[in-house]
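Here is a short briefing on one protein chain. Please look over the sequence and the structure before reading on.

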Amino acid sequence: MVGIVVISHSKKIAKSVEEFALYMAPKAKVVATGGTDEDKFGSSKKRIKKAITKLSNSKDGVIVIADMGSTVTTAREIIDSSDFSCDVQLVDCPLMEGTIVAAIEAQMKKDLPHIVEILEDIKTIPK
């Protein structure tokens with residue numbers, strides 16, 4: 001099953017998104033991380049890498065969804081500079097909607113390219 005890492009500048013926001021995604025898709029593999037190592041608003045290379053590593057043992061791959069700014073930059077740096085044991089992709093999509101859709105699709109055993117394609121389309125849907 002494809003794993004999903006949700007990253008926010010806020011640990012509480014990331015955890016809430018994870019909680020809602022698991023409510024919608026309880027068998028999905030979703031891991032949240034957020035904030036700095038001092039539990040302030042921001043991003044942490046250590047926390048982000050730990051979250052990705054936790055799910056990277058899946059042969060099906062990992063999708064990373066980040067909120068904005070430094071979480072995106074940091075996630076991209078980690079993905080580009082690390083040798084994970086599976087395909088890890090940072091996807092540009094809305095944090096909440098993307099995480100929920102990714103979790104549902106992953107629970108339905110959809111593959112990584114399929115989920116990435118759907119997530120890339122989500123950002124074009126008007127609210």
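The points below go from the overall fold to single residues.

This is a predicted model. The chain has 5 helices and 4 strands. Its radius of gyration is 13 Å, close to the 14 Å that the globule rule gives for 127 residues, so the chain is as compact as a globular protein of that length.

**Overall fold**

- From the N terminus on, the elements run β-α-β-α-β-α-β-α-α.
- Along the principal axes, the C-alpha atoms fill a box of roughly 35 × 35 × 25 Å.
- Of the 127 residues in the chain, 49% are buried.
- Take the contacts between residues at least 6 apart in sequence: 74% of them join residues at least 24 apart.
- The accessible surface comes to about 7000 Å². Carbon and sulfur atoms account for 55% of that surface.

- Helix α2 covers residues 45-55. Its buried residues are Arg-47, Ile-48, Ala-51, Ile-52 and Leu-55.
- Seen down the axis of α2, these buried residues fall within an arc of 130°, so they line one face of the helix.
- An α-helix has 3.6 residues a turn, so residues three or four places apart point the same way.
- The face of α2 turned away from the buried side carries Lys-45, Lys-46, Lys-50 and Lys-54, which are exposed.
- What do the buried residues of α2 pack against? Their partners are the strands β1 (3-8), β2 (29-34), β3 (62-66) and β4 (88-90), together with the helices α1 and α3 (70-81).

**Ser-8, a buried position in β1**

- Ser-8 sits in strand β1.
- Ser-8 counts as buried because its relative accessibility is 1%, and the cut-off for buried is under 20%.
- Leaving aside neighbours within four places in sequence, Ser-8 is in contact with Ile-13, Ala-14, Thr-33, Gly-34, Gly-35, Gly-42, Asp-67, Thr-71 and Leu-95.

**Salt bridges**

- The structure holds 7 salt bridges.
- Lys-11 pairs with Asp-39, with the closest N and O atoms 3.7 Å apart. Lys-11 lies in helix α1 and Asp-39 in the loop between β2 and α2, so the pair ties together parts that are 28 residues apart in sequence.
- Lys-11 is partly exposed, at 48% relative accessibility. Asp-39 is exposed, at 51%.
- Arg-47 joins Lys-11 and Asp-39 in a network of salt bridges. Arg-47 is also one of the buried residues of α2.
- Lys-15 pairs with Glu-18, with the closest N and O atoms 2.5 Å apart. Both residues lie in helix α1, 3 residues apart, about one turn of the helix.
- Glu-18 counts as buried, at 9% relative accessibility.
- Asp-60 pairs with Lys-59, with the closest N and O atoms 3.5 Å apart. Asp-60 is partly exposed, at 31% relative accessible area. Lys-59 is exposed, at 75% relative accessibility.

**Nonpolar surface patch**

- Phe-20, Tyr-23, Met-24 and Met-96 make a nonpolar surface patch of about 420 Å².
- Which helix gives the most to the patch? Helix α1 (residues 11-24) does, with 3 residues.
- Met-96 is found in helix α4 (residues 95-107).
- Met-96 is partly exposed, with a relative accessible area of 33%.

- Asp-39 has phi near 60°, a positive value in a residue other than glycine. The place of Asp-39 is in the loop between β2 and α2.
- Lys-109 also has a positive phi, of about 65°, although it is not a glycine. Its place is in the loop between α4 and α5 (112-122).
- Lys-109 counts as exposed, at 62% relative accessibility. Asp-39 is exposed too, with a relative accessible area of 51%.

Conventions
Residues numbered from 1 in each chain as written. Predicted model: local features only at pLDDT ≥ 70, side-chain atom pairs only at ≥ 80, totals over all residues. Heavy atoms only, no water. Patch = residues over 30% accessible without salt bridge, like charges linked within 9 Å, V, L, I, M, F, W, Y side chains within 5 Å. Areas by Shrake-Rupley, 256 points an atom, 1.4 Å probe, with all protein chains shown as cover. Salt bridge = Lys/Arg side-chain N within 4 Å of Asp/Glu carboxyl O. Helix = DSSP H or I, 4+ residues; strand = E, 2+ residues; numbered from the N terminus. Buried < 20%, exposed > 50% of the residue type's maximum accessible area, 1.4 Å probe, protein only. Arc of directions from axis to C-beta. Contact = heavy atoms within 4.5 Å. Rg over C-alpha atoms; globule rule 2.2 N^0.38 Å.
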